[in-house]
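Please look at the sequence and the structure shown here, and keep both in view while you read.

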Amino acid sequence: MTGRTPQEAVKAWASSFQQALSCITGARFNVDGYRPADRPYDADLNGGLAVPLAAVARLGLIAILRYRIMREATSRDPWIVRIVTYHYSLVDDTGRDIVSYEWHPEGTSWARWQHVHIGRAMLRDDARLSSRMHLPTGPVPIEDVIRLAIVEFDVRPRRPDWAAVLQRTNRARAESPDQS
Amino acid sequence: MATVAQEPDVEDPGVTVYVVTPEERWAIFDRAARHYLRMSGEEFIRAWDAGKFAEDPDQPEIVRVFMLRPSDR
């Protein structure tokens, strides 16, 4: 997301997240700041704790990110927000992971690429697949996780225009190819 | 282990975006460390910096707390 000022760029970026998340939750989305810095800023939904979703089988969403504010002198709106780390999980009613989409290139994990973990509770003990495996993905935007929750896990959307909202917010942040 | 509480239906579909202060960011991190790992934020930082999570850095609870660690700490 771009802006004429760092504050404008962060506001546009956070607002797009806000709009997307509003399709399934009313929980608070926190961002850290909007001043350019050498370090990334943190952002989270509900302090990083699971937010309950309205579904027949109880389901929760966890969303934690880091973002950087950067200046691209060639752009008309020179300030841009880029996601540099994300963790989006769907968990069951006991907090066990069902599926987790992750990208954390700055941690100690050897997996520096975007990947998905299948939750241990979703796997048989003798499964060839392990919850520790990093199954490669491309960048996964939050809109895809929200759509997954609604379409595949029967989460009841909080607004009737959810499909259009997700399309709009995803397109807005997809202006940059490594956004997610 | 995280638990999921009941959420009442909400008529307003909006989500509040909130700019947290450094003190609030620390409180979020500390609460998450206690929730997911049963330790304080300070204890997590000491353990992380000592390499105590290096053998299993992909454990979901560790990833979450690590990502919530204030980036200036």
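How many residues of chain A are in contact with chain B, and how many of chain B with chain A? In this model, 46 residues of chain A are in contact with 34 residues of chain B, where two residues are in contact if their C-beta atoms, placed from the backbone, lie within 7 Å. The model is predicted, and for that reason local features need pLDDT of at least 70 and side-chain atom pairs count only at pLDDT 80 or more, while totals for chains, interfaces and linings use all residues. Residues are numbered from 1 along each chain as its sequence is written, and chains are lettered from A and ligands numbered from 1 in the order in which they are written.

On the side of chain A that touches chain B, 13 residues are nonpolar, 20 polar and 13 charged; here Ala, Val, Leu, Ile, Met, Phe, Trp, Tyr, Cys and Pro count as nonpolar, Asp, Glu, Lys and Arg as charged, and the others, Gly among them, as polar. Strands also link the two chains: β2(A) is joined by three bridges to β1 (residues 17-19) of chain B, and the two run parallel, with A:N30 opposite B:Y18. Strands (E, at least two residues) and helices (H or I, at least four) are DSSP runs, numbered from the N terminus, and two strands pair if DSSP finds at least two bridges between them.

Within chain A, β6(A) and β7(A) run antiparallel, joined by six bridges, and A:V91 has A:D97 as its bridge partner in β7(A). Four residues lie between these strands in their hairpin, where A:G95 takes a positive phi near 90 degrees. On to the next pairing: β7(A) is joined by four bridges to β8 (residues 115-118) of chain A, again antiparallel, and A:Y101 stands opposite A:V116. Five of the seven residues of β7(A) are buried, meaning that 20 or more other C-beta atoms, placed from the backbone, lie within 10 Å of a residue's own.

Helix α2 (residues 142-151) of chain A has buried residues too, including A:I142, A:V145 and A:A149, and what covers its buried residues includes α1, β5 and α3 of chain A. A:A149 touches, among others, A:L53, A:L61 and A:V155.

Technical notes:
Buried ≥ 20, exposed ≤ 12 C-beta atoms within 10 Å, placed from the backbone. Lists of a residue's contacts leave out its neighbours within four places in sequence.
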